[in-house]
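Trainee: I have a new structure open and would like to learn how to read it feature by feature. Could you take me through it slowly?

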Amino acid sequence: MDIELTHKPSYTHVRAALDSGESILAEPGAMVSHSPTIDIETTTSRDGLLSSAKSMLGGESLLANEFTAQGGPGIVTLAPPTPGDVHHHELAGETLYAVDGAFLAADPAIDIDSEFGGIQSLLAGASITPLALKGTGNVLIEAFGGLETVELDAGESYTIDNDHVVAWEESVNFDAHRVGGLKSTLLSGEGLVMDFTGPGTVWYQTRGLSSFTSAIADALPGTGDNGGDAAGLDDFI
């Protein structure tokens with residue numbers, strides 16, 4: 001399989017060239033195009049329904065689409081649902097952790113599972129259940145906005161807002177907590193953050209989807225007395 005990323009970093013587009021018999025597993029809705037030799041099958045993860053149900057705890061869909069080149073090589077192109085970048089990661093018997101919705105595609109041989117985020121995360125009100133991508137092969141993770149990389153030495157720590165975290169290597173320890181008490185959380189405009197301690201690599205996105213959608217919602221006209229017609233269109237009909 002040959003992976004090429006184009007239109008980086010704002011509107012990254014994935015071009016996967018498959019040899020005959022090769023496959024790639026992708027989130028529903030990720031496909032942009034494919035050649036005639038590509039066969040599409042909707043499936044669960046390779047470990048069956050239980051593993052797929054567990055992966056839903058990590059924010060991913062119960063089902064995925066598997067694209068296979070049949071009778072010759074083929075091309076599949078994929079893209080995230082939001083403007084932003086894509087990171088191509090090659091696993092070699094390792095685990096890559098990703099947050100809700102960051103998984104875009106992977107080799108079918110990759111185990112897609114979810115792992116308990118830790119009692120400290122639950123006590124902090126985070127309820128974080130990271131998605132664990134395990135095995136050997138290609139993994140593609142998506143970001144809203146650009147992707148930044150943080151390289152941590154052993155014992156070195158770094159804090160990232162929860163809405164911006166994308167993924168981290170298994171060698172990195174993590175914890176989640178609220179910023180101060182309720183008053184400071186409200187006044188600072190910040191809420192949940194994640195602390196990462198090396199060694200290893202962490203990736204974060206330059207825009208937060210929750211913050212973006214909140215800004216859009218705040219900019220929309222109020223419902224007023226028009227019964228929910230956001231723009232008051234009844235006045236013009």
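Trainee: In which strand is Leu78 found?

Mentor: Before the answer, a word of care: this is a predicted model, in which local features need pLDDT of at least 70 and side-chain atom pairs count only at pLDDT 80 or more, while totals for chains, interfaces and linings use all residues. Residues are numbered from 1 along each chain as its sequence is written, and side-chain values use heavy atoms, with hydrogens and water left out. Helices (H or I, at least four residues) and strands (E, at least two) are DSSP runs numbered from the N terminus, and Leu78 is found in strand 7. The chain has four helices and 17 strands.

Trainee: Is Leu78 buried or exposed?

Mentor: A residue is called buried under 20% relative accessible area, exposed over 50%, and partly exposed in between, with a 1.4 Å probe and protein chains only. Leu78 has a relative accessibility of 0% and therefore counts as buried. In the chain of 237 residues, buried residues make up 42%.

Trainee: Which residues is Leu78 in contact with, leaving aside its neighbours within four places in sequence?

Mentor: Contact means heavy atoms within 4.5 Å. By that rule Leu78 is in contact with His13, Val14, Ile24, Ala26, Ala30, Met31, Val32, Phe67 and Ala105, once its neighbours within four places in sequence are left aside. The C-alpha atoms of Leu78 and Glu27 are separated by 9.5 Å, although these two residues are 51 residues apart along the chain. For the chain, among contacts between residues at least 6 apart in sequence, 78% join residues at least 24 apart.

Trainee: What is the order of the strands in the open sheet of four strands?

Mentor: Strands of a sheet pair through backbone hydrogen bonds, either parallel or antiparallel. Two strands are said to pair if DSSP finds at least two bridges between them. Here the order of the open sheet is 1-2-7-4, with antiparallel pairing. Strand 1 and strand 4 (31-34) are the edge strands, each pairing on one side only. Strand 4 and strand 7 run antiparallel and are joined by three bridges, and Ser33 stands opposite Thr77 in strand 7.

Trainee: Which side chains meet in a salt bridge?

Mentor: Side chains of opposite charge can pair when their charged atoms come close. A salt bridge is a side-chain nitrogen of Lys or Arg within 4 Å of a carboxyl oxygen of Asp or Glu, and by this rule the count comes to one. The salt bridge is formed by the side chains of Asp85 and Lys8, at 2.7 Å from N to O. This pair links distant parts of the chain, 77 residues apart, with Asp85 in the loop between strand 7 (74-78) and strand 8, and Lys8 in the loop between strand 1 (2-6) and strand 2 (13-18). Asp85 counts as buried because its relative accessibility is 7%, whereas Lys8, at 45%, counts as partly exposed.

Trainee: What joins the side chains of Ser23 and Thr68?

Mentor: A polar contact is a pair of N or O atoms within 3.5 Å; within protein, one must be able to donate a hydrogen and the other to accept it, and residues adjacent in sequence count only if both atoms are side-chain atoms. A polar contact of 2.6 Å joins these two side chains. Ser23 lies in strand 3 (residues 23-26) and, at 14% relative accessibility, counts as buried.
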